[in-house]
Amino acid sequence: MIEKTNDTKRVVITGGAGFIGSHLARRLVEDGHIVTVIDNLITGDLENIADLIDLPTFEFLEQDINSISKISGKVDYIFHLASIASPKEYLRYPLQTAVVGSIGTLKILDIAKEKRARFLLASTSEIYGDPKVHPQREDYWGNVNPIGPRAVYDESKRFSETVTITYHRLNLVDVRIARIFNTYGPNMRKKDGRAIPNFIFQALTNEPLTIHGSGKQTRSFCFVSDMIEGLIKLMQSNYSNPVNLGNPNEVSILELAKKVIKLSNSRSQITFTDPMIDDPKVRKPDISLARKILQWEPKISLEDGLRQTIAHFSRTLVKKKVR
């Protein structure tokens, strides 16, 4: 490890080999911090952090946070991103998803308490469920089915928020809570069940783009570099209640599919299949609070972000063909 200066932070990222976590790790290393990533690789991928592994300011620990008891050395910040975030994957691993959002969060909070580290919880827009308020503000309590198939993710994140703010109210841990809305970009798994990687992979291989339901359901997509900036600003802020982080520009899933086909120069057609159970009809963040307290808002347009993501997926497909 390099010698620590007054500006250098020791940062732990749980789930740091995943999509958002790997981008966050890279940005923090580039900013001069010492980064430890903890990931059990159930949905993370070492390839996402391959360029960081041999750096003197980076450490990777393959470990399940549900059984973690301690982290060696001083820790300044903990970004708790460990979770199974894709609907396809959390329906495949329901118990693991529920446990990491409950026991796993408690384990990491206890470590933050021991280390006197600032703790940021990566929560989700899914805590709003199928919202009856639009756009969604932080003071909206949500509309979640507690026994539906998506509840293993939705309710575990709601529990995570509950215990995180409780540790704060008891003056045990200095906390931050980010409610992350749909985020996309390079390092997403191509078949993880989420709309953008699914559509791009299908378009690049000229397969039909599959839409669940009518396609009229809406989402708001934030490019990953904007999300990383928001997470860092939130960690550095003095605000402990939940903050929405996302792009407020709303688009229907059908519009998204058409954009991907056009930007990919694809011959793909669009097909429709049965809707997913409890799939939200609308999703759009109100980011007034983030604008006010963080002076943050997304900068990358959907078209520009899709171009960068499509280019990444294209390179990945070419590499696999060469192999």
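This is a predicted model: local features need pLDDT of at least 70, side-chain atom pairs count only at pLDDT 80 or more; totals for chains, interfaces and linings use all residues.
Some ground rules. Local features here need pLDDT of at least 70, side-chain atom pairs count only at pLDDT 80 or more, and totals for chains, interfaces and linings use all residues. Residues are numbered from 1 along each chain as its sequence is written, and side-chain values use heavy atoms, with hydrogens and water left out.

I start with strand E11, residues 242-245. Helices (H or I, at least four residues) and strands (E, at least two) are DSSP runs, numbered from the N terminus. Pro242 and Asn244 point one way from E11, Val243 and Leu245 the other way, and all are buried. Buried means under 20% relative accessible area, exposed means over 50%, and partly exposed lies in between, with a 1.4 Å probe and protein chains only. In a regular strand the side chains alternate between the two faces of the sheet. E11 runs parallel to strand E6, residues 175-180, and four bridges join them; two strands pair if DSSP finds at least two bridges between them. One of the partners is Ile177, which bridges to Pro242 in E11.

Next, Asn187. This residue sits in the loop between strand E7 (183-184) and helix H5 (195-204). Is Asn187 buried or exposed? Asn187 counts as buried, because its relative accessibility is 15%. Its side chain makes a polar contact with the side chain of Ser22, at 3.0 Å. A polar contact is a pair of N or O atoms within 3.5 Å; within protein, one must be able to donate a hydrogen and the other to accept it, and residues adjacent in sequence count only if both atoms are side-chain atoms. Leaving out residues up to four places away in sequence, Asn187 touches Phe19, Ser22, His23, Arg26, Asn48 and His312, where contact means heavy atoms within 4.5 Å.

Now the salt bridges. The whole structure has 20 of them, each a side-chain nitrogen of Lys or Arg within 4 Å of a carboxyl oxygen of Asp or Glu. Arg27 and Glu229 meet in one, at 2.8 Å, N to O. Arg27 lies in helix H1 (residues 19-30) and Glu229 in helix H6 (residues 224-236), so the pair ties together parts that are 202 residues apart in sequence. Arg189 pairs with Glu89 at 3.1 Å, N to O. Arg189 is in the loop between E7 and H5, and Glu89 is in helix H2 (residues 87-92), 100 residues apart. Arg189 is partly exposed at 36%, whereas Glu89 is buried at 5%.

Last, a network of salt bridges links Glu126, Arg150, Arg219, Asp279 and Arg283.
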